[in-house]
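Please read this briefing with the sequence and the 3D structure side by side, taking one topic at a time.

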Amino acid sequence: MMKSPKWTFTIAMLTACFLPVLPAAGQQMSSPGEPVVVPRLIRFSGKAVDAQGQVLSGIAGITFTIYKQQENGAPIWMETQNVSIDAGGNYSVLLGSTTANGLPADLFSQQEERWLAVQVQGQDEQPRVLLVSVPYAFKAYEADKLAGHSASEFVTADNLQTVVQQQLQQQGAGVFSGSTPGSGPAVATTKRPLVPTDGATDFVDNNANQVVLVTQNGSGRAILANSHGYTLDAVSNASSGGAGAIRGYASAPSGFGVFGGATSTTGVNYGVWGRSVSTSGIGVRALATATSGSTTGINATVTSASGTAGVFNNTAGGKILSGQNNGVERFAVDGSGNITTNGVVNAASGVTASSGGDGVYGMGNIGVWGQSTGSSGNSDGVHGVTSSAGASGVAGVNQSGSDGGVGVYGTGGIGVFGTGSAFGMQTDSNVQQARSASGWVKAMALVTGNGIAFCFNSTLAGAAATTPPCNFGFHSFGAGDYEVDFGFEVDDRFFSATSTEAKESTSACTSYIGGCNNQLTANQVEVTNFCDSCLGGPLYIDGKIYLIVY
């Protein structure tokens, strides 16, 4: 059962006569009886209306097919043309005009029925119509008139191609509606020429979509171009907006919108090269618009062991790289290679600097932060090594000018650990330790009958820590009996008292120990000094006593 046509073609003229051809002016006429070269073109005219009987107009891609049978069977000839339909629905085409030789020479040689089918692009093939007349008739060349027409009305053999091209150009003035690339096929709306030619051709139009539409329904290329210069030179003359000279879209899962390949195995060539001359321009821009998934703006890969995946070069000496998040710069590399970052630098294999440079240099609330997540072995948060005799593996400097500033700070199981063949730890200034911690001296004093001669107070900084009386209190209860107030609790600390004289004995007590001559506070130590061998028996005498609190 034939399908009901969506387009109805009313045959206005189906004489299907071949165009006669006469020799060009100045050419020798053929001898009587000599065969005449027959152009294999059939003029076919019709009227197009839709399924509701409404007249159609504009341009439409129509496929013409010739069969041996009225139904079924394989086609013996086929071609597709862009057909211009006037306001009254009328159209006229030359079947065979899409090829240089026209229709095949043996298409009508079997003296059999031939059925013509018409199919509008995107719709079903329409019922076939019988070609009912012999497609060519002629009379002798010596006749002044042919079917009542003068010789000047006919097309000569030498300008047949030119005439056909001119007629196709007139017929091809149809309409197409453009579409955004990737949004689907175009539909008919705007005028454009169709001009096949062996020479150079310019396509010029003024519309809001495209001038040329090329559709490849197979797996081959839609356009294949070869050149010894620029194969494709595209220019967008838009003075504003986001117009592009070339825009490519791919719908395949592993496709690519634009692909560039440089096949030369020598020289500095480019697969894709972009240039901008604007003072705020961008040479190449990559944009991944998916709002989910692991997308990548730019992915560069090299397969050479000595190659480089990415090269950024500022020939003016300015900033080399700017890493941004939503337009806000998060890290940058200046022209000297210095890296500035608002975040944290995580280096699995460390950071190396060239000779004369800093291995690690940081500024901010925390200049350098090192953290190790290892649970065993040499898992160092910060590890510094130097080969210079006068240098430091790790150096910390506090430039605040405040006595409370810290150059190197350590905390944890071992806050700071040092080892070496000369010294495990060395300092050219005072050492301070928490009062409740052990290991380092908290206070020292050389006590005499006149007061404190020399001292060290670990709770103070700078010169105050060693300038007598170092914020210590002194009181003499009498000869050889002194009280020293350290200003912080000492009754729970270790301490020692040693006389500078061998014949003298010294003792010390606190409120915790008890047995003191006088009542003391937790911050005070009472020191007594007496002479066992002095005349008159043991006597309290003034002396010099070293008092150390640990």
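**Aromatic rings and a sheet**

Phe488 has a relative accessibility of 10%, and because buried means under 20%, this residue counts as buried.

**Aromatic pairs**

- The structure contains 6 aromatic pairs, and in one of them the rings of Phe474 and Tyr482 lie with their centres 5.7 Å apart and their planes at 40°. Planes under 30 degrees apart would count as stacked and planes over 60 as edge-to-face, so an angle of 40° makes the pair of Phe474 and Tyr482 tilted.
- The two partners in that pair can be described by their accessibility: Phe474 is partly exposed at 28% relative accessibility, whereas Tyr482 is buried at 0%.
- Phe486 and Phe488 also form a tilted aromatic pair, with 6.3 Å from centre to centre and 50° between the planes.
- Elsewhere in the chain, Phe44, Phe64 and Tyr91 are linked into a cluster by ring pairs.

**A charge over a ring**

- Which ring has the charged end of Arg128 over it? The ring is that of Tyr67, and the charged end of Arg128 sits 3.4 Å from the centre of this ring.

- Strand 15, which covers residues 443-448, pairs with strand 16 in the antiparallel sense over 6 bridges. Within this pairing, Ala445 has Cys455 in strand 16 as its bridge partner.

**Confidence of the prediction**

- The protein has a mean pLDDT of 76, and 75% of its residues reach 70 or more.
- Over residues 1-30 the pLDDT is below 50, and in the model this stretch has 92 contacts beyond near neighbours in sequence.
- The pLDDT is also below 50 over residues 134-144, a stretch for which the model shows 21 contacts beyond near neighbours in sequence.

Terms used:
Residues are numbered from 1 along each chain as its sequence is written. This is a predicted model: local features need pLDDT of at least 70, side-chain atom pairs count only at pLDDT 80 or more; totals for chains, interfaces and linings use all residues. Side-chain values use heavy atoms; hydrogens and water are left out. Two strands pair if DSSP finds at least two bridges between them. Helices (H or I, at least four residues) and strands (E, at least two) are DSSP runs, numbered from the N terminus. Rings of Phe, Tyr and Trp (its six-membered ring) pair if their centres lie within 6.5 Å; planes under 30 degrees apart count as stacked, over 60 as edge-to-face and the rest as tilted. Buried means under 20% relative accessible area, exposed over 50%, partly exposed in between (1.4 Å probe, protein chains only). A charge sits over a ring if NZ of Lys or CZ of Arg is within 6 Å of the ring centre and within 35 degrees of the ring normal. pLDDT is the predictor's confidence in each residue, from 0 to 100. Contact means heavy atoms within 4.5 Å.
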